[in-house]
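Please walk through this model with attention to its sheet, its helices and its aromatic rings.

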Amino acid sequence: KGKAGPNAEFITRSAAMRKLQITLKDFRRLCILKGVYPRVPTKPLKGVDKIYYDVKDISYIANEPLLEKFREFKAFMKKIRRAAGRNQFTEARRVNELKPRMVLDHLVKERYPRFIDAVRDLDDCLCMIHLFAALPSAGRITAERTSACAKLSREWQYFVSKSHSLRKVFVSVKGIYYQAEVMGETINWLVPHAFTQHIPPAVDFRVMVTFMEFYEIFFKFVLYKLYAKEGWQYPPQVDEKLDLAGCCLLAMKSDNSSTAATVSTKESKKVAAAAADSSAKKAQVTAVDAKEFAGQVKSLPEFLKQQQDEEDDDEEEDDLDISAPLTAAFSDLQRHATEDDDNDREVFQRSEAAQQDQRANLFNKLTFFVNREVPLSIMQLCITAFGGRVSWDGPGAPYASDDRSITHHVVDRPVQNQATAAGSVAREYIQPQWVFDSINAGVLLPVRLYAPGAKLPPHLSPFVDDEKEGYLPRFREEVQKLQIEAGVLDGSAVTTTTEKAASSKASKSTNSKTTANVAGKKRAIDVDEDESSEEEEEEEDSESEEEEEDSEEDDEEEVDSEAEELLEVPTSSKQSSKQNNSSNNSSSSSKKAAAKPEAQPATTTSNKKGPKAIVQQAKVAKQSEAEELHELSVSMMSKKTKKLYDKMQYGIQQKQEGVKRLEDKRRAVEKAADASTTPKQQTKKQRRA
């Protein structure tokens, strides 16, 4: 007891604190820095209200050097309080200069042994850094921490814009959602709007500040590695004049020459030191082993003679070497396999490079001028990340407002006279949403939809999967058409999604119709024939009418025979159906004329049933069997599984109801729009369509 099972695997928080001999504040801080989180045991040991940790995690943090730093800091605070209580302020200042410093660099190496693991864990770090960069300095949030977070966020945005890693942008009420692709990993983060942030009193900022202590060190490490991977200087240089003028990202600059020079000098020093060490070692080896080498040379003839005698005594080996052709064959196979892998890798890399070039050059030939009311930092990040050029009205702007190279003028207020707004310069006036929607679509959308003062199209979220949600907005369909024309989206994928939606709707409608007729059916019937194939065979036009009639007779006899075996149709009906078929063979015209009146009473009379009615009845019976099996499987579930299944069905039903509400709302909007349009506008829409 106590040596195996949950008792030996988990430990309560109070027991862990007693074992480590630290307070709750220090224990919480240590767990955050080390990445240790509570666990939920399968069987609560000492009550449900307790917090449990893994024993291995507690033993892992028991040897942490930060524990000694916590104790030193505790003793330091005692000295400060004693000096302050005795009004010894000079002593307090002297002791304060000896404040113990904590180094968290080793934690980054422990938690992220590979750099790709650190890149994958950037989401929460980026959200926290951008949040602290927007918070006011109050309480535990100091001005130094806010400025440090703002600097780190600018360095990250500069890397994203210069490396063309941005993929998606979505503006919401909470803030601006970004998605970037770095080293093949997607990274999402949220940037709050540039408003005055109110600090809620219910938030425990002690925990958040502890996270920030680790995130600052961790993010600096990641940025240094990313900049070094691209061959850029870190930290990037900031022009103070441009920064004070409000140039945002354009005030930063990262050259390749300085890093290359520093790296080359360091490498040259390392090479020289290694050469000196190797020469010294060689001299030592030659001096020490000279005698041993002379002895080995003297004993060399005797050793060769002994080897020759052993070879003569051995049996003669076969001339044919079997291993040679096998090794040659395996080497050829390995060579071909490596060549195929290299070719596939090259094709994949080329396709990825082509897609990245296409995305990076989305705004390549465009020059944007941003008005005063539009946030410049957001526009700079989004436009420069896709190869565009940005200018604004203010000091340090690369282009004036009346420059003829400007192609798009970004405004967020109605323009009175676009022709005279910039000195009769030909340019497109757009709202900021055009930039975001074009980035998400991967193509340049029509400008007329985003004219100043116009009613904007819906700003659809690129993080929503329409196929999973079951609803495709109308504007998304229009964007997909533009993507297919531009070659960004494959047309077959779009058609398959629409076909799936149509087939799902058709299956739902057929299920709703057939479930009403399935009440008293309890027999299980399997028929391989399908109604669609029957209709196609009947409607087919062939060259000879006799062959068509014979094939129809054979199909009807097969369906009749299978349905009679399953439904136990009496032999009288079978004979009557054969007599009807033989009488209809006289002429094709009389058969086609008689087939229509016979199809009507086939569904009403029980003695004479046509093939379509029998197949339909078989389908209904088959569906009834499926429903019975479903009810049986649900009744066989346990209480826990049944509860989970009910929750799943409730979620599916809520999702379907939401899709239905969206579709009803869409129809109402389209109906109101059609009612408000004039006949001239309707004719224009028809012509455009």
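**A parallel sheet and its aromatic contacts**

Strand β10 (residues 408–410) runs parallel to β11, and three bridges join the two. Strands count as paired if DSSP finds at least two bridges between them. Helices (H or I, at least four residues) and strands (E, at least two) are DSSP runs, numbered from the N terminus. The model is predicted: local features need pLDDT of at least 70, side-chain atom pairs count only at pLDDT 80 or more, and totals for chains, interfaces and linings use all residues. Residues are numbered from 1 along each chain as its sequence is written, and side-chain values use heavy atoms, with hydrogens and water left out.

Helix α19 (residues 433–441) is mostly covered, with nine of its nine residues buried. Buried means under 20% relative accessible area, exposed over 50% and partly exposed in between (1.4 Å probe, protein chains only). Among the buried residues of α19 are W434, F436 and I439. Just after α19, G442 has a positive phi of about 80 degrees.

The structure holds 21 aromatic pairs. Rings of Phe, Tyr and Trp (its six-membered ring) pair if their centres lie within 6.5 Å; planes under 30 degrees apart are stacked, over 60 edge-to-face, and the rest tilted. The ring centres of F27 and Y53 are 5.3 Å apart and the planes are at 85 degrees, so this pair is edge-to-face. F27 is in helix α3 (residues 24–34) and Y53 in strand β2 (residues 52–54), 26 residues apart. F27 is buried at 1% relative accessible area, and Y53 is buried at 7%.

A tilted pair is formed by F368 and W434, at 6.3 Å centre to centre and 40 degrees between the planes. This pair links strand β8, which holds F368, to helix α19, which holds W434, across 66 residues. F368 is buried at 0% relative accessibility, and W434 is buried at 1%.
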